[in-house]
Amino acid sequence: MNITKNGPVIITDGGRPSHALASYDENGRLTGKQRSLVDALARPGLSAIDFVRHRVEIRRRDVDLS
């Protein structure tokens, strides 16, 4: 379900409008920034961001379905 199909969703803080939620396409139209994921990830400076990837171990468990 696309709740932003008929326009932006207004988010309030203390009963006063504070933010607007728009669809990705509408945001791109308003900002003039239509770019692909590849273009977004190729932005300069992203390689300087520290990102520590922790190894996750997933263990198999026996399941009793009786």
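Is P8 buried or exposed? P8 counts as exposed, because its relative accessibility is 52%; exposed means over 50% relative accessible area, buried under 20%, and partly exposed in between, with a 1.4 Å probe and protein chains only.

## Basis of the model

This is a predicted model, in which local features need pLDDT of at least 70, side-chain atom pairs count only at pLDDT 80 or more, and totals for chains, interfaces and linings use all residues. Residues are numbered from 1 along each chain as its sequence is written, and side-chain values use heavy atoms, with hydrogens and water left out.

Helices (H or I, at least four residues) and strands (E, at least two) are DSSP runs, numbered from the N terminus.

Leaving aside residues up to four places away in sequence, P8 touches A20 and L21. Contact here means heavy atoms within 4.5 Å. L46 is 38 residues from P8 along the chain, and the C-alpha atoms of P8 and L46 are separated by 30 Å.

## A48

A48 belongs to the segment after α2, which spans residues 37–41. With a relative accessibility of 62%, A48 counts as exposed. Between A48 and I10 the C-alpha to C-alpha distance is 35 Å, and the two residues are 38 apart in sequence.

Side chains of opposite charge can pair when their charged atoms come close. The structure holds three salt bridges, each defined as a side-chain nitrogen of Lys or Arg within 4 Å of a carboxyl oxygen of Asp or Glu.

One of them joins E26 to R29, with 2.7 Å between the closest N and O atoms. Both residues lie in helix α1 (residues 24–31), where E26 and R29 are three residues apart, about one turn of the helix. E26 is partly exposed because its relative accessible area is 28%. R29, at 55%, is exposed.

R59 pairs with E57 in a salt bridge whose closest N and O atoms are 3.2 Å apart. Both R59 and E57 are exposed.

R60 forms a salt bridge with D62, and here the closest N and O atoms are 3.7 Å apart. R60 is exposed, as is D62.
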